[in-house]
Amino acid sequence: MINIAILGFGTVGGGVYEVISRCKKKPLSDVNIKYILDLRSFPEHPIGDRVTQDIDKILSDDSVSVVVETMGGDGVAYKFSLAALKAGKNVVTSNKAVVDKFGKELEAVAAENGVVYLYEASVGGGIPIIAPINNCFKADDITRVAGILNGTTNYILTHMQSEGKSLEEALASAQKLGYAEADPHADLAGLDSARKIAILSGIAFDKYISFESIPYVEGIEGVTSEDIALAEQLGCVIRLIAVAEKVGDKARILVAPHLVGNGSLFSAIREAFNAVSVTGSAVGEVVFYGQGAGSLPTAAAVCGDIERAISGSAKTVTRNDCEPDFIIGADPEAERFITLANGKKYRYFE
Ligand code: HSE
């Protein structure tokens, strides 16, 4: 029996219970969710009796080897993650806000304590992307990471196009389906995508890159149905794309709505799906595609990390500090823009 605790029993935490309950493969089939930390109670839930509000009970229980942080936010979630690592417990999370803001510190504390801090689910929902970049691409020089990294905005753009829904209507459906952040402004304004490209580019370029250091972040709030229709006339769709690419010894990182030609793989990414393209100077372009949000896909990624923590097959990766002038932002001279018939300019993704 391997005891774990889940901090935060919402969309993702609840999904972790589902995935573990269905899993027949060892070592996950031996996992026992001993505690759920949540302020709410779940009297009807099969393991509702495991709910506690006392983090110390979890931290002082030596039988708990993995703490799953699916609380969200960067306050208590950070505090509890730090305390769990210091107590010698592996921590697995889907919380990109904590990874972005405190990842450097938490990875160092994990390494000091001989445990791991893993966050595959923080980017791309169910798509395995962090472990592949950390492992499979290790020998290569990654020159570009680009992606549709936000399920909510992709869902909105898809439904604005296919059903003529307004942004507000499509957002309401995305919220109902559990894709959106607690504050959907983070999705719409591109902040969620920016956090994710900060994490991915940091791993790809072997540096700690914070979301705050990304100089250009534009969301989809300014994208209208007219823009989408005019883009269609040019054989394009509009997608919110985050790009981090090497330019000499620097990296241009930005998030913005782009026109994507109908021949591009990225034009086929619909609904809440995400796609990430990684280009290495040896391997060329590799594309990852899958469900970027939602309870079970995200929980599947969390559970993959739980498995790696328990089996000892993962190690915490620490990186270099980012030089202050490493990141360059939007550069209208160097980028390709297309002007729609209504005069609005969009970047072109290729
Ligand atoms: N709000 C996020 C999204 C959830 O829509 O992609 C997954 O990170």
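**Entry 1. Contacts along the chain**

I began with contacts in the protein chain between residues at least 6 apart in sequence, and I noted that 71% of them join residues at least 24 apart. I record here that the model is predicted.

**Entry 2. Overall dimensions**

I then looked up the extent of the C-alpha trace, which spans about 65 × 45 × 35 Å along the principal axes of the protein chain. For the radius of gyration I found 20 Å; this agrees with a compact globule, because a globule of 350 residues would have a value near 20 Å.

**Entry 3. Secondary structure**

I listed the secondary structure of the protein chain as 11 helices and 17 strands.

**Entry 4. Burial and surface**

I asked what share of the 350 residues counts as buried. The figure for the protein chain is 57%. I also noted an accessible surface of about 14600 Å², with 51% of that area belonging to carbon and sulfur atoms.

**Entry 5. Helices α6 and α10**

I turned next to one helix pair. Two packed helices are described by the angle between their axes and the distance between the axes. How do the axes of α6 and α10 cross, and within what distance do they come? Helix α6 covers residues 151-162 and helix α10 covers residues 225-233; their axes come within 9 Å and cross at roughly 75 degrees.

Terms used. Residues numbered from 1 in each chain as written. Predicted model: local features only at pLDDT ≥ 70, side-chain atom pairs only at ≥ 80, totals over all residues. Heavy atoms only, no water. Axes fitted to C-alpha atoms, helices over the stretch in contact; angles between N-to-C directions. Helix = DSSP H or I, 4+ residues; strand = E, 2+ residues; numbered from the N terminus. Rg over C-alpha atoms; globule rule 2.2 N^0.38 Å. Buried < 20%, exposed > 50% of the residue type's maximum accessible area, 1.4 Å probe, protein only. Contact = heavy atoms within 4.5 Å. Areas by Shrake-Rupley, 256 points an atom, 1.4 Å probe, with all protein chains shown as cover.
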